[in-house]
Structures are given as C-alpha cells and as structure tokens.
Amino acid sequence: MSLLEAISKGLEAVVPRRLSYLAETYRLLLGYHLGGRPHRSAEQALDLLTEKIHEAWRVYKIVSLVSFDVQGAFNGVHPSVLADRLRERRVPGDLVAWIESFCNRRRASVVVGHYESPIKDIGHAGIPQGSPLSPVLYVFYNANLVQGQINKRQGSIGSIDDYNAWVVGPNAAENTRRLQTQLLPRAEKWAQESGAVFEAKKTAFIHFVRPLQPDRGPINHLVFGNKTIAPKKSVKILSVTLDSGLSMNEHVSKAVAKAIGKCMALRKIRGVRSAQMRQMYIAAVVPTTDYAASTWYAPSRIGVKRHVVALERVQRLAASLILRAYKSVAMLVLKSEAKLQSVSDRLHERVSNHMTKLYSLAPDHPLQRCMSRLPLQGPASPSPLRTVYEKYETQSEPEKGLRISDRPSWMMPP
C-alpha cells in the first residue's frame, strides 16, 4: 500500500476519470472486462457466467471453467509493458508519458512510531495498491488476455486482476482437451509477454454439469505451470463459491458462517444504543449474506427456501443483539421491535433493483444479449435471472418494444 503526498492524490483522482472517459467513449476496451469500469461490476460478471452455464445446460452441454490467479498482480506490472499496452489502445501520448512517469522512479520510507527510515529507491514498484488509478491501469494491462468472444462454444470474463475462461462441449474430456490445447497456451503467452506470473496452486478448474445429467467422459487433469490441476467440486469466483451443480449450498453456508462471526464481534461492543447497533448490522453483516444474490436467489427456485431459513438464523441473532433480548423471544417480535425487513423481502428488493439496473445497461454491454433472450427461455433449467424476470415481467416490459432508458457512462466529459 502506498500513501502519497496531497498533490499526488489530487492528480490520482483526476487522471483515472479522464482515462476511463476515453476508454468508454471511444471503446478502447472490450466489454468483457467487468471490473474497474463505470456501470460494470463483479455481480454482473457472475450473472453473465451463470446465464451461460444455464444456456449450455438447456442443450445438455457441459461448461468447463478455469479460474486464474495472478501472483502479486499490481506489484508485478512493468511500466514499459503498461505504456505499450496503453499505446496499443490509442491512449494519447501525453497521458501515457505521465502514467509511465508515475510508475517509475518511486521512492519510499517506512514510519513506525517515532522512527522514520531513510528514503530509498524502489527497484520495481509496479502500480501502487490503494491508488484510484491502479484498477483502470490494470484493466488496460491485461486487456489482451480478456478479448476472446463470448459465444455458445466458449467465453471469458475479467474483473481487475481476476480472469475466468470457459469452454462448452458435450463431455468433460473434450472440454479438458480444448482448455489444455487452446486456452492455457494463450494465458502462458500473455504471462510471458507481460512479465506476470500465474500462481498455479490457486488456479481452479471445474466442470459445471446439470443435475442428474451424466458426465459421459473420464475425469482428466490439466497441466499448467508444471503443475497438475484436478477438477474440483466447487471453486471461488469473485468471492462467490460456485459448485458444479450451482445448488449454491456451499456458498450460503460460508456466508452464514462469516455473518455469524461478524455478529459475534458486534456482541463485544458495549454501550451502543439499539438504533446504532441496527445500523452497524445493516452496514457490516447484511452485505456479507446478500452479496451477489442475483446469482443464487430467486422466488420459487429449487432450494431457495433452505437458503432463506439459513439466513434467518443470522437475522434472529442480529435482532437479539440489537435489542439485547432473551433467546426465547419469538422471531416475529424480534423482527418487529428491531425494525428489520424479513430476509425474503430484503432479497426480493435487492434482486428486483438489480434487475432494473441490468435493463438500463448500454446496448453494447455483454449482459444485454442475455437480457433480451430471457423472454425466449423455455421452462427447462431456468436461470435465477429468468425466474426473477417471470415475477416482474409486466413491470420490466409493460409494452412490446418499450424498455428502460440507458444509463450513460458519462453525462459530460470530465
């Protein structure tokens, strides 16, 4: 982490806005990078991935995915390579020169208590973590990696330093062969050209198979970076645990355990009024349980009642903390006195608001094609977004050809 002087922090706030405006206005970046850019988020990336998985399941195909982890992503950026990537994307030369100067000849000192070390040159600083400029710079840095087309046979998405790619095929063996011969060489080539290092131990590999659908093939392994990678039953992608059947049981269990831990931490705080305790619960615990709800919660979806019951355990614990009530108090009384929404109502509100935002995305957004095909999906293997769409169909599309207005990335140039 780098703490810079005030003038530098001011420039760091100005330059990324201008660079982002150029990227979105003149389409210097492809739409498959869903991080570090306006109106793009990790939750949208997960929506896109789950939609593609259900799309493959409807034709009895298997999706095989590899999730890559770059070791020391920001610290490993080479300024000269970054400058070349910016020029390739037609970023103005004076802006490239400023960014190259920003990344080079960095100096630092360490302050501990009253001791301050001498200022020394940093041999290879990369781009500083914590800087508002770093995310958009890294998007340009690995833009060549996240540029494959998303279609019925393959796709890839990126979010800052996360890169996930998949192939679609009739069986796991064929998918593994395509990943080994087509995808991994391209990732290794990018790493060599960029000076980046993929951490083979954290590289995850999984086959998404429709429940009750036979795999129809032997279990093969990938070889990447002199390491053998076996397929897993579940992988963590953008802080969400996806299992091979997308039941999301493991993700909800981990979210509940993490939320209960945070509630236990809140219990140690003494002398706080109920209103402030409720505010801390909503700010610190609710985002943990409700994160990326659009990928796993939908009314009438199979298994969703079990997830809601698990989250209600957290709600009950939080309500008793807010009111300092006894354990024997009924949940209905706790919820009413603590002024908390029910879990179902809260998740309904979240996913419906998320669906509205998806409808207001720009036409070139990669999720817009998925949204336009929601009315055409059949009853087989419905995705979470499809289930939410069925509930709010009349509100989302009151008349044929009528849609929510697009949200522009920029109202005016910065």
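The legends below describe close-up views of a predicted model.

In this predicted model, local features need pLDDT of at least 70 and side-chain atom pairs count only at pLDDT 80 or more, while totals for chains, interfaces and linings use all residues. Residues are numbered from 1 along each chain as its sequence is written, and side-chain values use heavy atoms, with hydrogens and water left out.

**View A. A patch of positive charge lies on the surface.** The patch brings together Lys61, Lys152, Arg153, Arg369 and Arg373, where a patch joins like charges within 9 Å among residues that have over 30% relative accessible area and no salt bridge (a side-chain nitrogen of Lys or Arg within 4 Å of a carboxyl oxygen of Asp or Glu). One of these residues, Arg369, belongs to helix H13, residues 366-372 (a helix being a DSSP run, H or I, of at least four residues, and a strand a run, E, of at least two).

**View B. Ile160 has a positive phi, near 60°, although the residue is not glycine.** Ile160 sits in the loop that links strand E6 (154-159) to strand E7 (162-169). Because its relative accessibility is 16%, Ile160 counts as buried (under 20% relative accessible area, with a 1.4 Å probe and protein chains only).

**View C. Leu246 is another residue other than glycine with a positive phi, here near 55°.** Leu246 lies in the loop between strand E12 (240-243) and helix H7 (249-267), and its relative accessibility of 4% is why Leu246 counts as buried.

View D. A search of the whole structure finds zero disulfides (pairs of cysteine sulfur atoms within 2.5 Å).

How values were computed. Patches are made of residues with over 30% relative accessible area and no salt bridge: like charges are joined within 9 Å, nonpolar side chains (Val, Leu, Ile, Met, Phe, Trp, Tyr) within 5 Å. Accessible areas come from the Shrake-Rupley method with a 1.4 Å probe; for residues, only the protein chains shown count as cover. Lys and Arg count as positive and Asp and Glu as negative; His and the chain ends are not counted. The place of a charge is taken as NZ of Lys, CZ of Arg, CG of Asp or CD of Glu. Buried means under 20% relative accessible area, exposed over 50%, partly exposed in between (1.4 Å probe, protein chains only).
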